[in-house]
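Open your viewer and get ready to click through a few selections. We will go stop by stop, with a note on what to look for at each one.

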Amino acid sequence: MIKTYMRMISSFLVCCLLLVLLAPCESRAEEAERVSGVGYYFDTVVTITLYGTDEKELSSLLEDIWVECARYEHLLSKTIPGSDVSRLNEAHGEAIRVDPETWDILRRAKDISASSGHAFSVTIAPVTELWDFTGGTQRMPDDDELAAALPLVDDEALELLGDSMVRLPDGMKVDLGGIAKGYIADRVADLCRDQVIGATLNFGGNVYAVGEKPGSAPFRVGIRDPQGGENSSIAVVSVKDISVVTSGIYERFFVKDGVSYHHILDPESGISAFTDLAGATIICTSSMDADAMATACIVMGREKALAYLQENGMDGLLIDRDNEIYTTPGFEDTFALQLLFAAP
Ligand code: ADP
Ligand code: MG
């Protein structure tokens, strides 16, 4: 009897202690303001959610974020006349000066191109221009067009000179579609960091979880089910102050004569990468690295991609075409991986 009383009293004390410990977190979570918005930049729906203590400050930060998105779009888009990328693509072999930020992105793109054996190639533009994955025409190149375009895909020929100067041999062009959103996510995360408790920045497949959720909780980020719809998830990771980037063959594709063609192209063949992977997710504090490397992983296929990620100390989750999941060592524990479906 006494023992039972003792147990009851000690349970009561533990409960009180827990309440005392949890109370500040809960009240902080309740007090937190939340401001969110949706924009359309870089051909992608951008969703921003900010958590902080002052609603007015968060709203003003959101406005600053949209201004930054528009600025980066005008710098990095290859379809906006006068952007750094447009000027470079139209320079006909002349060296031009670009914004130092554009130069930095090209520098990193070249590094990742080299480390990935050119599975990621920022000079893929002459080939991507022969395809239409978004306009509804289902255009694809014929053999002659590919033969003319493929010699122009060569990241080693992109010259990065001093003083933010860049030179591309005549006829070559760059396409930052596989890396720019990551870079922008990094910069927007920097902009937010001191002004929020936490934030989620979602640039299509690039998510940056800035800080933490009010109440010191991690953000739970869903990883898209390649065989499900747009809002489906096959798994969830719990993350703080890090980016979760996914590339997938289901993002932009068309089916012609029974064959599915997706928008991640093999720089060697100029055709949609013939890969055993349906999706590649990389978690890294650099969203730019994760973006380019996720694209490279799709081109490489499962075996090479897993080796590549491990060699470069990256955390990744790969999903093959049968929805089987493969992860780099330690991934499950580090990000409290929760699988939502058993693989078939
Ligand atoms: P998304 O931008 O749709 O999230 P990715 O980050 O994988 O997906 O980038 C795909 C885009 O990158 C394509 O739309 C194209 O502009 C460009 N791209 C396609 N293949 C490659 C490649 N092998 N290397 C570099 N960029 C590529
Ligand atoms: Mg990418």
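Start by selecting ligand 1 and Ser 247: an oxygen atom of the ligand sits 2.7 Å from an N or O atom in the Ser 247 side chain. That is a polar contact, meaning a pair of N or O atoms within 3.5 Å. On its own ligand 1 exposes 570 Å², and the protein buries 92% of that area, as computed by the Shrake-Rupley method with a 1.4 Å probe.

Before moving on, two notes on the model. It is predicted, so local features need pLDDT of at least 70 and side-chain atom pairs count only at pLDDT 80 or more, while totals for chains, interfaces and linings use all residues. Residues are numbered from 1 along each chain as its sequence is written, chains are lettered from A and ligands numbered from 1 in the order in which they are written, and side-chain values use heavy atoms, leaving out hydrogens and water.

At Ser 121, look at the backbone instead: one of its N or O atoms is 3.0 Å from a nitrogen atom of the ligand.

Next, show the whole shell, the residues with a heavy atom within 4 Å of the ligand. Of its 17 residues, those coming nearest are Asp 175, Ser 247, His 263, Leu 265 and Thr 295. Helix H8 (residues 287-300) supplies the largest share, 3 residues; helices here are DSSP runs of H or I with at least four residues, and strands are E runs of at least two.

Which atoms coordinate the magnesium ion? They are Gly 178 (O), Asp 291 (O), Asp 291 (OD) and Thr 295 (OG1), at 2.0 to 2.6 Å. Donors are N, O and S atoms within 2.8 Å of the metal (3.2 Å for Na, K and Ca), and sites may look incomplete because water is not among the atoms. Asp 291 and Thr 295 are 4 residues apart in helix H8, so about one helical turn separates them.

Finally, jump to Ala 278 in strand S13 (residues 277-284). Ala 278 is buried, with a relative accessible area of 6%; buried means under 20%, exposed over 50%, and partly exposed in between, with a 1.4 Å probe and protein chains only.

Terms used:
A polar contact is a pair of N or O atoms within 3.5 Å; within protein, one must be able to donate a hydrogen and the other to accept it, and residues adjacent in sequence count only if both atoms are side-chain atoms.
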